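Subject: Structure handover

Hello,

I am handing over the structure below. My notes on what was found in it follow.

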Amino acid sequence: MIIQTIKQSLVELFPPVEAAPAPVAEETAEDEGAKKAPAKAEPRVNGVITCDYNATGYHLDAQVDPDQLLDAVSRIDAAGFFIESITGVDWLKENQLEVVYDFARYDFDLCRVVIRTRVDRAISEVPTITGIYSGANWHERETHDFFGIKFTGHPHLVPLLLPEDADFHPLLKDFKA
Amino acid sequence: MSLTLINVLFAVVAAIGFAALNAAYLVWCERKGAGFFQRRPGPMENGPWGLLQPPVDGIKLMTKQLVIPGGVDKALFMVAPVLAMFPAIMSFVTIPFSENIVAQNMNIGVLMIFAFASMGSMAILFAGWGSRNKYALMSSVRGVSQAIAYEVPMLITVITIVMITGSMDLRAIALDQSGGFWQWNILALTKSPLMPVSFLIFFVCTLAETNRAPFDLGEAESELVAGFHTEYSSMGFGLFFMGEYANIVIGSCLTTLLFLGGWGCPFGLFPGVWWFLLKIYLLIFTFIWIRWTFPRTTIYGLLNLSWKILIPFSLFNLLLTAGLLKVF
Amino acid sequence: MSDPIQLRSDETFTLNVGPQHPATHGVLRVKMEMDGEYIFSAETVLGYIHRMHEKMGENRTYAQYLPNLGRLDYLSAMAYNHGYVLAVEKAASIEVPERAEYIRVLTVELNRISSHLVWFGAFIMDLGGFTPLMYAFDDREAILDILEAVTGSRLTYCYHRFGGVYNDVDDDFIEGTKAFIPRMRKALKTYEDLVTKNIILMKRLKGIGPVSAEMCRKYGATGPVARASGINFDVRKNEPYSLYNEFDFDVPVYNECDSYARYMVRMEEMEQSLRIIEQALAKMPEGPIMPKKKPKIIKPPAGDYYQAVEAARGSFGIRIVSDGGKNAYRLKLRSPTYSNMHLFDEACRGMLIADALAFMGSIDLVIPEMDR
């Protein structure tokens, strides 16, 4: 039953996002999961993947362009998801920063959605989603603290967990204390 | 003349001694009481059952540095603690402990005590205003509005008693109730059937006037840190602390005198000072009991209680008593 | 009591509640713009005890990171232990013997009760009632003694291991827990008589601190805060992990959205935890507490793993990004109070300071968990 719900959510939520990106939107419903992690050599192409929940802990994994982010998150919002967290990952070898958005549901249609977006380490600008989820405020500030990702349009992008005058980003892989 | 002077001096010293001793040992009682209600022993280290705790606390407070923070209004800051303690001691002068044990009986004793009690709120105001601390300021604003709100029903209730007795002399009021518990003002149903309610109103007002829980909004520590005495250290704090307990004793004394027959025995036998002491300590125990049982109200809940419930009730009782006195 | 009054922005003063303030239960600061006793706006400032646990996760091996979990939410450390070992077990595909899973559930639920007891005492103390704290700590002491005997620590537990638990429970634990259940039921009755039905408490909590379901969703509030807003969300039910779908327990949900509802949810959760403990004790099988075969060095295959558990304060999530090495490539801790407290800034506008601090208490803050 849950799997049906996932499929349904997938159909409901993602066709527009799938259709939007210019690169090949691949939809691989691979069951053993754990393969979708970006290979070291080449970054993953944008698109939606159904994941094996038992192996990874979430059902849907969508990678979008920063430009598509607001659109994707609005769709998640419209479907009644709540925001779990926002975080970053520093892919130093690929010279990219990834911002990861986690969403889940309050009802019993268990479905965890991950939205990722990747930016160049040098530029690292992502639009803010505080307009859609007010709760993204602290999460984005935290991600800015740790990775130096600039969330354009954020109302109050000052250090949250780090000291007020912090100019370092400790979770970057090339950070030396 | 000189004999009177010596008498007065002796009385004042006795009053100060009684107030200070009571304040010190009431802290011990409070801590023991708190321990009793909270299933723990309370102070046990100094002396048997921790009985030496109050002197030790006193020495600690006195030997600590009196910190005067920068930017405070020094005059107000220094005057406030004295003002907290002084009216409490002065009130003891006119309180009769039994028919003969009274420092200086006055025919306007009730009036005098309430005049001094009003000065207590000045201490809170001065301390809050002079401390240059926002918490203290908010606390003093609360304290003053609370004092005003509760003095009104309290005084109306007292006027009822004064009307019944026809005297403002505390000794006369107490003597009027002698003879047994059915003569006490709390049960003077023939004079006004609402007398027990009056007693409750007076008791609640006493709680509020002495800033005791659940009306301790002035020093609501989870909101305003320590309220008006946030910035006080050493004996400055000590005086506020002692003043609070001295006020509790006075509140209990007044309740006893006005409603519970003063030094009279419940069955009309052996009236004396021990009955008076027994009654006030029972009342004080009730104070402690309430404090360790109830959570605190909010300032608006407190003001609503006074203006919307207590004052109309006490006014009604006043009118009823006046009418009954006129008719019978 | 919070009448809609018109607040003026030109007559405010700033009140710094914290970093050292009795109501914040730790080093948290709320910068409040006050109009008299009313809050015009508030800004929460956190990070005073930020320790960068996520960086530590990258610098240490998976096993070395275990003790850190007890230092996040020091009141319900066991649930954090549980979440972390579940995440790593999922990533590294480690099987867990059934008995170990039962022991985990037992300890987590005991710890949940002890955490709620601390909240109960501290919350009533926020409201100015001192005595319930002592009662709650007395009962909590019994739990701590039980857990100390088997885990070796009283607060910052590090008991769960990859594949099982550190130490098998003995008869003392079983007997102690069995004896504890009736004691706690009696205590809950006392709390109900002493506190729950108190008129002052009701007046102070009912209708205070409204948090709508929509607000919960936008801020990602979970746990009792969400359940008091009519959201039937409990990770143990919605996303059954460990053995939770084998137990019969209810999720208390209230629709009032106020502080009193949050209070009631937590009080009832204690009873539900007792039910789980009772069933777990009855069902617990004999057997090993660690799997026979377990990799010595944990090296999960490259990938991205997420695990959520229901901690005492809400949904605790942990994301492990592995590159196949001994250390996690990235380890994200999603702590519940972080999201729950976030809505305070918006929700407390126009409240009295006394009500706002009661509201803050009803969110149940553990600052180390927010600051990580």
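**A surface patch on chain B**

B:Leu269 has a relative accessible area of 46%, so it counts as partly exposed. Please keep in mind that this is a predicted model. B:Leu269 sits in the loop between helix 9 (234-259) and helix 10 (273-291) of chain B. Together with B:Phe181, B:Trp182, B:Leu187, B:Phe267, B:Phe270 and B:Trp274, B:Leu269 makes up a nonpolar patch on the surface. The accessible area of these residues together is about 820 Å².

**Chain contacts**

Two pairs of chains are in contact, and the pair sharing the most contacts is A and C. Chains A and B are not joined by any contact; their closest C-alpha atoms are 25 Å apart.

Chain B meets chain C through 25 residues of its own and 34 residues of chain C. About 2,600 Å² is buried between chain B and chain C, and carbon and sulfur atoms give 61% of that area. Two salt bridges are counted between chain B and chain C. B:Arg39 forms a salt bridge with C:Asp138, with 3.5 Å between the closest N and O atoms.

**Helix 4 of chain B**

Helix 4 of chain B covers residues 109-130, which is 22 residues. From its first C-alpha to its last it reaches 32 Å, close to the 32 Å expected at 1.5 Å a residue. Its buried residues include B:Met112, B:Ile113, B:Phe114, B:Phe116, B:Ile124 and B:Ala127. Glycines are also among them: B:Gly109, B:Gly128 and B:Gly130. The cover over the buried residues of this helix includes helix 3 (74-92), helix 5 (134-165), helix 6 (170-176), helix 7 and helix 9 of chain B. After helix 4 of chain B comes B:Arg132, with a positive phi near 55 degrees.

**Helix 4 of chain A**

Helix 4 of chain A (residues 66-78) has 13 residues, so at 1.5 Å a residue it should span 18 Å; the end C-alpha atoms are 19 Å apart, which agrees. The buried residues here are A:Pro66, A:Gln68, A:Leu69, A:Ala72, A:Val73, A:Ile76 and A:Asp77. An α-helix has 3.6 residues a turn, so residues three or four places apart point the same way. A:Ile76 belongs to this helix and counts as buried because its relative accessibility is 1%. A:Tyr53 is 23 residues from A:Ile76 along the chain, and their C-alpha atoms are separated by 19 Å. Helix 4 of chain A is followed by A:Gly80, which has a positive phi near 85 degrees.

**Positive phi in loops**

Most residues other than glycine have a negative phi. Which residue in the loop between helix 7 (195-209) and helix 8 (221-224) of chain B is worth a look? The residue is B:Asn211, whose phi is positive, near 60 degrees, although this residue is other than glycine. B:Asn211 counts as buried because its relative accessibility is 11%, and the cut-off for buried is under 20%.

C:Asp364 is not a glycine either, and has a positive phi of about 70 degrees. C:Asp364 lies in the loop between helix 14 (353-363) and helix 15 (367-371) of chain C. With a relative accessible area of 4%, C:Asp364 is buried.

Regards

Note on methods:
Residues are numbered from 1 along each chain as its sequence is written. Chains are lettered from A and ligands numbered from 1 in the order in which they are written. This is a predicted model: local features need pLDDT of at least 70, side-chain atom pairs count only at pLDDT 80 or more; totals for chains, interfaces and linings use all residues. Side-chain values use heavy atoms; hydrogens and water are left out. Helices (H or I, at least four residues) and strands (E, at least two) are DSSP runs, numbered from the N terminus. The expected span of a helix is 1.5 Å times one less than its number of residues. Buried means under 20% relative accessible area, exposed over 50%, partly exposed in between (1.4 Å probe, protein chains only). Patches are made of residues with over 30% relative accessible area and no salt bridge: like charges are joined within 9 Å, nonpolar side chains (Val, Leu, Ile, Met, Phe, Trp, Tyr) within 5 Å. Accessible areas come from the Shrake-Rupley method with a 1.4 Å probe; for residues, only the protein chains shown count as cover. A salt bridge is a side-chain nitrogen of Lys or Arg within 4 Å of a carboxyl oxygen of Asp or Glu. Contact means heavy atoms within 4.5 Å. Buried area is the accessible area (1.4 Å probe) that two parts lose on being put together, summed over both.
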